[in-house]
Amino acid sequence: MAPNSISTESVPSSSCNSVKPNTPPASSSSSKGVEEKPTEGQEDWTWTWRDVKPLNTLVLIYLHVATFYSFFNLPHCWQTYLLQFLILLGAAFGVTAGSHRYFTHRSYRANNALKYFLIFLQTLSAQEDILKWVRDHRVHHKFTDTNADPHNSKRGFFFSHCGWLFIRKHPDVTTFGKKVDMSDLENDKVLLFHKMIYMPASWIVAFIGPVWGAHYLWGEDLSASWHFNVVRYTLGLHVNWSINSFAHIWGMRPFDRNNSSRDSYIFGFLAFGEGWHNFHHAFPWDYKTGELGNYWFNFSMIFIDFFAWLGWATDLKTVPDSVVKKRVLRTGDGTHRYSIEAKKNNEKIEEEVKNNNDGERDLDHFWGWGDEDMQCEDIKDVAILHKHYE
């Protein structure tokens with residue numbers, strides 16, 4: 001079992017960027033020449049019927065019609081409800097602890113046993129193969145609130161919730177998506193094999209297996225088994241979509257008021273800890289994806305901590321409270337307890353904010369641990385739990 005230690009990871013200055021002032025970057029140039037940026041808003045591009053994806057549209061319509069029909073054809077056996085609940089949990093962890101916190105943001109390390117288990121759970125969720133899921137999410141973090149964001153919340157609630165799946169992606173998504181580093185995953189032979197077999201594998205483990213298993217093992221009605229399986233799948237989709245929509249529209253921005261991501265207790269609970277979205281966008285490499293270490297509002301943290309206890313998960317990255325406080329006072333919307341406490345003493349607040357702004361940069365977006373644009377200052381301030389020793 002890996003020791004339960006806390007340490008700070010140091011990185012040579014040559015492997016990360018030095019800190020820049022907290023001022024908007026020049027619009028005309030960068031160290032590599034003219035810096036191309038994605039467009040913002042929605043006025044520059046509107047979709048037509050030619051952009052509609054027929055297969056996606058038909059599948060999504062069917063899922064909701066079948067879900068509605070299921071309420072008139074419910075399963076008869078209690079084992080079916082238990083089975084679908086367990087699949088719902090497993091699929092959720094496959095997305096939150098697997099594709100999201102591990103594969104996308106690299107917020108912790110997993111041994112091979114845990115890695116293969118997470119791949120299985122993501123397949124169980126039937127929410128795209130890991131490489132495609134990760135690319136979309138890294139692009140979302142890197143280009144939040146621009147047209148390069150696959151589910152840009154500035155284009156409205158429906159679009160950010162599920163409308164982006166009905167139509168072809170904005171050209172900026174493809175253009176800038178190619179610039180997001182995926183080499184850590186694209187060179188992984190296991191993930192390449194997963195991508196190759198994903199479609200038939202997901203159908204077997206997420207649909208055919210549970211439906212026919214319930215029918216043959218305890219005599220569940222085949223139609224009821226199928227439709228209730230669809231209910232479970234559709235519910236899981238909507239919970240995950242809600243992080244793209246609700247969590248970018250309603251809630252507080254205590255850590256960073258400069259982007260649309262929000263924190264919400266409700267979705268912190270419903271989405272297994274993914275609802276602390278403003279914190280997550282400020283610190284995407286934190287394995288908790290939230291400031292609070294409260295298991296009731298972060299079930300995925302229980303999952304990761306359990307495997308850390310087993311020694312399967314190591315190098316759990318988190319942000320020290322001192323760093324959180326600096327960020328809150330620097331860019332928060334004033335709703336955090338640190339902001340409220342600071343406002344009680346007006347003589348200190350201006351000086352403290354000024355000191356925290358010296359040599360800091362918050363206008364760039366990072367997709368997580370390993371983003372080449374991360375600063376040395378960001379890296380050296382990260383605390384590592386359950387340190388891995390080679």
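**View 1. Helix H2 meets helix H3.** The axes of H2 (residues 78–104) and H3 (residues 112–125) come within 7 Å and cross at roughly 120°. Axes here are lines fitted to C-alpha atoms over the stretch in contact, with angles from 0 to 180 degrees between N-to-C directions, and helices are DSSP runs (H or I) of at least four residues, strands (E) of at least two. Among the residues that meet (heavy atoms within 4.5 Å) are Phe93 and Tyr102 in H2 and Lys115 and Leu118 in H3.

This is a predicted model: local features need pLDDT of at least 70 and side-chain atom pairs 80 or more, while totals for chains, interfaces and linings use all residues. Residues are numbered from 1 along each chain as its sequence is written, and side-chain values use heavy atoms, leaving out hydrogens and water.

**View 2. Asp188 pairs with Lys115.** This salt bridge (Lys or Arg side-chain nitrogen within 4 Å of an Asp or Glu carboxyl oxygen) has its closest N and O atoms 2.5 Å apart. Asp188 sits in the loop between H7 and helix H8 (189–218) and Lys115 in H3, so the pair ties together parts 73 residues apart in sequence.

**View 3. Glu186 meets Arg135.** Their side chains form a salt bridge, 2.7 Å from N to O. Glu186 is partly exposed at 36%, as is Arg135 at 27%.

**View 4. Arg106 reaches Asp184.** The closest N and O atoms of this salt bridge are 3.8 Å apart.

Notes. Buried means under 20% relative accessible area, exposed over 50%, partly exposed in between (1.4 Å probe, protein chains only).
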